[in-house]
Amino acid sequence: MSDLTDYLSTTTYLPPIEEVGQRALGQPARKIHSRDSPIHTLNDDVLLNIFYLYRLDVPDEYDENGRPNFDWDDSDQRWWYKLVQVCRRWRYLILASPSRLDLHLLCTNGVPIADMLAHSPPLPLSIYYSDLYPVTLEDKEGILLALRHSDRVHYITLDLLSPKLRKIMTTMDNHFPILERLYIQSLQFGDNTSLVLPRTFQAPHLRHLSLSHAALPIGSPLLTTTLGLVTLELGDIPPSAYFPPSYLLTRLSLMPQLEILVIEFHSPLPNRDFERQLLHTPTMTHIMLPNLRELSFKGVSAYLEDLLPRISTPVLGMLYIELFHQLTFTVSHLVQFMDTPGILRFSTVLLAFDYDHARLRFFQPGKADYPPFRMQVNCRHLDQQVAFAVQILTALQPVLLVVEKLKLRHEEHIQSLEWHNRVDRTLWRQLLRSFNNLETLHVQGELVGKLAHSLQSDDGEPPLELLPSLKELGYSGGGNAWDAFTPFIDERQVAGHPVNLTRVDDSAFRWL
């Protein structure tokens with residue numbers, strides 16, 4: 001505090017308040033007596049509250065979930081620079097309240113760090129560098145210099161190419177007592193086994209931890225000493241840093257405040273033996289995450305099946321699952337895990353068969369802009385994608401009983417062999433049979449021909465065996481789509497359950 005007091009007592013020249021204010025407005029300076037300015041009648045507490053409210057209106061470099069906002073303007077984070085030049089009173093008030101006003105010295109692209117540190121008060125440091133902008137040799141030296149002041153570093157965001165990150169991360173072998181946010185992303189994708197935080201890196205007050213294409217060393221004490229974590233995002237975890245569910249559960253049990261959890265592996269399990277061991281090794285630990293509201297997982301279904309029954313998440317509101325391609329998927333525990341007020345009830349499902357993956361989006365009534373449950377499998381051929389959808393939807397059938405609307409989208413798989421784009425009629429009917437109470441079905445143009453024949457009843461089969469509650473059948477595109485669906489429409493008309501055939505715009509199939 002003595003350094004700050006010395007800084008505040010300096011007699012650096014500051015222009016009069018009237019002159020600074022009028023320059024900021026682009027007006028010529030004119031003399032006004034201080035007693036004529038109402039701002040001088042406000043006491044310190046009122047002024048400080050005004051500064052605080054103004055700070056709340058300044059765009060932040062991080063969003064509400066602690067993730068970096070790469071569209072922010074770094075000049076916004078210097079909002080207080082001009083205010084401390086208005087008068088000595090304002091300067092003292094602002095610099096004496098760094099915590100309340102969340103004051104930082106911003107270390108970012110193009111800032112001369114050595115000069116800034118030498119001529120600024122000892123405020124917390126926010127380190128924010130991205131290869132989206134030029135990173136000079138001086139910037140690289142500035143990052144290392146700022147990190148040497150580990151006792152002052154409050155936020156770290158490094159969005160850089162691997163060669164730059166490698167050198168930086170090896171220097172982070174220190175204690176960062178006030179660090180709250182750590183975001184590291186390597187822009188060079190792949191198995192970056194050398195991008196590992198030092199085992200001696202410590203940050204006891206860390207609240208947001210996000211590593212993408214980088215890793216924590218196995219056995220790192222970081223996740224056992226940061227008990228206040230709110231966000232934990234481990235993305236693109238390389239095989240060399242793979243950990244079993246039991247290891248993860250042990251660490252999560254120490255994070256009661258956790259709100260966002262992201263676990264994404266770069267590739268499937270290291271080998272088939274590992275997967276078989278995973279399926280047959282009981283994990284006894286059961287944990288409660290009372291504040292978890294978002295969960296994202298990318299990996300194999302066996303890992304997920306071992307993880308989900310060991311976690312209770314009473315306020316979960318968003319679940320995103322991405323699975324690597326497998327011949328069979330095991331998701332028997334998924335429905336029970338989703339049994340929370342924030343997720344379970346769905347009214348609309350969107351199913352897309354795209355170039356290299358199949359995607360499911362589940363929407364709740366009245367919330368068409370936000371799918372609380374998303375699921376995806378990475379495979380390239382349409383027949384494999386439909387088989388995946390059948391397996392998943394069959395397992396999820398208890399939560400599909402209230403679904404009233406289904407949208408099907410397909411992008412032609414140019415690189416798939418023709419026979420891979422052929423899907424057996426029985427498989428399509430299995431998929432549709434999961435939606436027993438469906439009232440509206442929308443089919444995008446490319447799927448019209450594939451679905452039209454599948455909707456018709458088999459010989460001797462009751463006409464209402466499939467989709468008995470259907471009232472509207474919509475399609476996009478031109479051609480002979482109307483004629484393709486005519487036999488099904490006529491069949492339902494004869495059965496006394498008419499279905500309205502309508503044309504819908506392609507925009508209805510866009511993803512959010």
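Me: A residue is called buried when its relative accessible area is under 20%, exposed when it is over 50%, and partly exposed in between (1.4 Å probe, protein chains only). With that in hand, why is helix H10 (residues 245–252) described as largely enclosed by the rest of the structure?

Reply: Six of the eight residues of H10 are buried, so the rest of the structure largely encloses this helix. The six are Pro-245, Tyr-247, Leu-248, Leu-249, Arg-251 and Leu-252. Please keep in mind that this is a predicted model, in which local features need pLDDT of at least 70 and side-chain atom pairs count only at pLDDT 80 or more, while totals for chains, interfaces and linings use all residues. Residues are numbered from 1 along each chain as its sequence is written, and side-chain values use heavy atoms, leaving out hydrogens and water.

Me: What makes a stretch a helix or a strand, and how many of each are in the chain?

Reply: Both are DSSP runs numbered from the N terminus: a helix is H or I with at least four residues, and a strand is E with at least two. By that rule the chain has 18 helices and 18 strands. Of its 512 residues, 51% count as buried.

Me: Why is Ser-97 called buried?

Reply: Its relative accessibility is 13%, and the limit is under 20%, so Ser-97 counts as buried. Ser-97 lies in the loop between helix H5 (88–95) and strand E1 (105–108). Leaving out residues up to four places away in sequence, Ser-97 touches Leu-48 and Leu-103, where contact means heavy atoms within 4.5 Å.

Me: Is Thr-226 buried or exposed, and what are its contacts?

Reply: Thr-226 has a relative accessible area of 0%, so it is buried. This residue is in the loop between helix H9 (222–225) and E6. Setting aside neighbours within four places in sequence, Thr-226 contacts Ala-203, Pro-204 and Leu-206. Ala-203 is 23 residues away from Thr-226 in sequence, with 6.8 Å between their C-alpha atoms.

Me: Why does Ser-469 get the label it has?

Reply: Ser-469 has a relative accessible area of 27%, which falls between 20% and 50%, so it is partly exposed. Beyond neighbours within four places in sequence, Ser-469 is in contact with Asn-436, Asn-437, Leu-438 and Glu-439.

Me: How do you know that the chain holds cavities, and how many are there?

Reply: A cavity is a set of points, on a 1 Å grid over the protein atoms alone, where a 1.4 Å probe fits but cannot get out. Points are joined across faces, edges and corners, and the volume is the space filled by probe spheres set on them. This gives four cavities of 30 Å³ or more.

Me: What makes up the lining of the largest cavity by class?

Reply: Ala, Val, Leu, Ile, Met, Phe, Trp, Tyr, Cys and Pro count as nonpolar, Asp, Glu, Lys and Arg as charged, and the others, Gly among them, as polar. The lining then has 12 nonpolar residues, two polar and no charged ones.

How values were computed: On a 1 Å grid over the protein atoms alone, a cavity is a set of points where a 1.4 Å probe fits but cannot get out, and a pocket is an open set with protein on both sides within 12 Å along at least five of seven lines; lining residues have an atom within 4 Å of a point.
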